[in-house]
Every structure is written in structure tokens, then in C-alpha cells.
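Please keep the sequence and the 3D view open while reading.

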Amino acid sequence: MTPPLELVTPAPAGAGAPLAQSAAQSATQSPALSISGLTVSYGGKPAVFSVDATIPEGAMAAIIGPNGAGKSTLLKATLGIVSRLSGRVAVFGKPLEQSRHRIAYVPQRASVDWDFPTTVADVVLMGLNRELGLLGLVRRSHRAFARACLDRVGMADFAGRQIGQLSGGQQQRVFLARALAQKADLYLLDEPFAGVDAATERAIVDVLKTLKAEGRTVVCVHHDLATVAAYFDHCLMINLRKIAEGPVAATFTQANLQATYGGRLAGSHLDQLRLPA
Ligand SMILES: Nc1ncnc2c1ncn2[C@@H]1O[C@H](COP(=O)(O)OP(=O)(O)OP(=O)(O)O)[C@@H](O)[C@H]1O
């Protein structure tokens, strides 16, 4: 289990700037995320094999595939949390080392140690750690900004609560608030809707769609095939290897789902999705 402290990607400077002023909107034509030939192996066994992906700037992208397909590994390798055996990653056209501050990561809820003794407000303030500096000097403006981020996810009233005393859906919202505090240009979320109720899912989707409307790029590992078309405009389908990638309208087809999930997707499930062949 990892304490939440270690899961923060550094925040860009300028906590006072409005969220709508995204550097991504003005900076570059490069894709938000470009991955080529990515291979990751655990103990000699590949979990991701020679995957290429190009997530356009401003996309709302889903990474889908069955359990064990390598989705989380792909995100972690993108962030440098696990080592790549081979392959390259560029974020807004630059190597990860130069663009890490433009990324916010929301890990799988299950991978976080929720007994870590810290409050909701402090978790969100961790999203500002780059600008708090080595001394971690927290000003009133930082606290106000953290509260505004909590407010965006409907959690302002929980600011003083220990994170271990939250429900699963509340925990998910708090980690999204921390990601918002980072004012990133690329948001990577690992199963943000896992185990949350319908209202929380709606709230999270609304926040993600607002980020997209601001010109930011959102990438989610996602399991619910029934909502892919409603939530996302871009789709990466993997099962160890890349099966397909591109606009949802072109890639989210019966044939690609069959190739991604194999026999695990029964015909009746596919019928319910009413997809093109
Ligand atoms: N730290 C690790 N050490 C060894 N093997 C690992 C490790 N993490 C993941 N794996 C293995 O790598 C493969 C891909 O795992 P990963 O978590 O990336 O898949 P996933 O697509 O995210 O799965 P899920 O949908 O179940 O979350 C699996 O076979 C998994 O058992």
C-alpha cells in the first residue's frame, strides 16, 4: 500500500491563476500523450507489449481492456512509476522529465493506504506541493484554493475529516480534488468510477467534462463498456498489445471489442451495446 503523500505529481506554479487558463490551450500542436513501442515486463513476463498510442490534446480518452490487460501498467509506465523495458513517452511533445509538472494522476483507490493519518484538506494541499516549496509554507490563499477544489467535487464540508473516515466514493472525489489543485494539462485517472454510486459517478464525469471544455486532456482507465460512448471521444483498446486506437465512433466496434476481450464478452453483451460491426 502506498501512502497518499507519494502519489503526487508536482503541481505547476501559480496557485492563484484561474483553472481556465490552461497552458495546453496555447502551447503546442503536439499530442498530449505520445507512446511508442512501450514494453513493460514484471519478472521477465511482459504486461504491456510494444504499445503505440497518440492521445490528442483536449481529448477525453478511455483505456479499455479486460482484467490484467496492462491498462494500469501502461499509465504507471507513462508516469515512470514502473520502468519501461523499451519504448518512448512524450507529453505535449516533450520527454516526461520536462513535462511531469503538467500531469496529474489519480491512482486506483485500492492502491492507496487510507489509514495514513492526514485530513482531506491536507491531501488536496499535496496537489500544490511544488509551489509550497521545500518548507511547505501553506498560506491562506493556498487553503482557500484547496477548498475551492474540494467544492468542485462537492467535498468542501469534509475538509477537516481524516481520509480513513471517508466512504469509497468520497475518497475518489478527494483524490480528484487533489488532481484539480495541480492545475495540470493532462489528467490520468485509473478507474475513477470503480465502486462509486451513480451520483458520484455523475459528479466525477461533470468535473472531467469541464476539464475537457477548458482544453485539458483526460485519460481514464475504464471498465464500463456501456458508458464509453457517452463519456469519451477517444479510445485505446489493449490486451497486452494494442488492439485499436482512435475516435470512439471509429474504434468502439463489435469487431474490436471481440478482439480485445475475446470470449469474455458474450454475444448478448455486445448486442446490448448496439455497436457497428
Ligand atoms: N507489481 C507487479 N508485479 C508483478 N506483476 C504485476 C504487477 N503489477 C501488475 N502485474 C501483472 O501485470 C499484468 C497487467 O496488470 P495491470 O494491473 O496493468 O492490468 P489491468 O489491465 O490494469 O488490470 P485490471 O483491469 O484488473 O485492473 C497482470 O497480469 C498483473 O498480474
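Predicted model: local features only at pLDDT ≥ 70, side-chain atom pairs only at ≥ 80, totals over all residues.

In soluble globular proteins, nonpolar side chains tend to be buried together.

## Helix α7

Of the 14 residues of α7, 11 are buried. They are Gln171, Gln172, Arg173, Val174, Phe175, Leu176, Ala177, Arg178, Ala179, Leu180 and Ala181. The cover over these buried residues includes β6 (103-106), α4, α6, β7 (186-190) and α8 (198-213).

The end C-alpha atoms of α7 are 20 Å apart, which agrees with the 20 Å that its 14 residues should span at 1.5 Å a residue. Just after the helix, Lys183 has a positive phi of about 45°.

## Helix α6

Helix α6 (residues 140-152) has 13 residues, and at 1.5 Å a residue these should span 18 Å; the end C-alpha atoms are 19 Å apart, in agreement. Its buried residues are Phe145, Ala146, Cys149 and Leu150. These cover an arc of only 145° around the axis, so they lie on the same side of α6. An α-helix has 3.6 residues a turn, so residues three or four places apart point the same way.

The face turned away from the buried side carries Arg140, Ser141 and Ala144, which are exposed. Among the elements covering the buried residues of α6 are α4 (120-126) and α7. Gly154, which follows α6, has a positive phi near 70°.

## The shell around the ligand

The residues around the ligand are Tyr42, Gly43, Ala47, Gly65, Asn67, Gly68, Ala69, Gly70, Lys71, Ser72 and Thr73. By type, 3 of the shell residues are nonpolar, 7 are polar and 1 is charged. Helix α2 (residues 71-79) supplies the largest share of the shell, 3 residues.

## The chain as a whole

The chain has 277 residues, of which 40% count as buried. Its secondary structure comes to 12 helices and 10 strands. Among contacts with a separation of 6 or more, 73% are between residues 24 or more positions apart.

How values were computed: Residues numbered from 1 in each chain as written. Near = placed C-beta within 6 Å. Helix = DSSP H or I, 4+ residues; strand = E, 2+ residues; numbered from the N terminus. Nonpolar A, V, L, I, M, F, W, Y, C, P; charged D, E, K, R; others polar. Expected span 1.5 Å × (residues − 1). Buried ≥ 20, exposed ≤ 12 C-beta atoms within 10 Å, placed from the backbone. Arc of directions from axis to C-beta. Contact = placed C-beta atoms within 7 Å.
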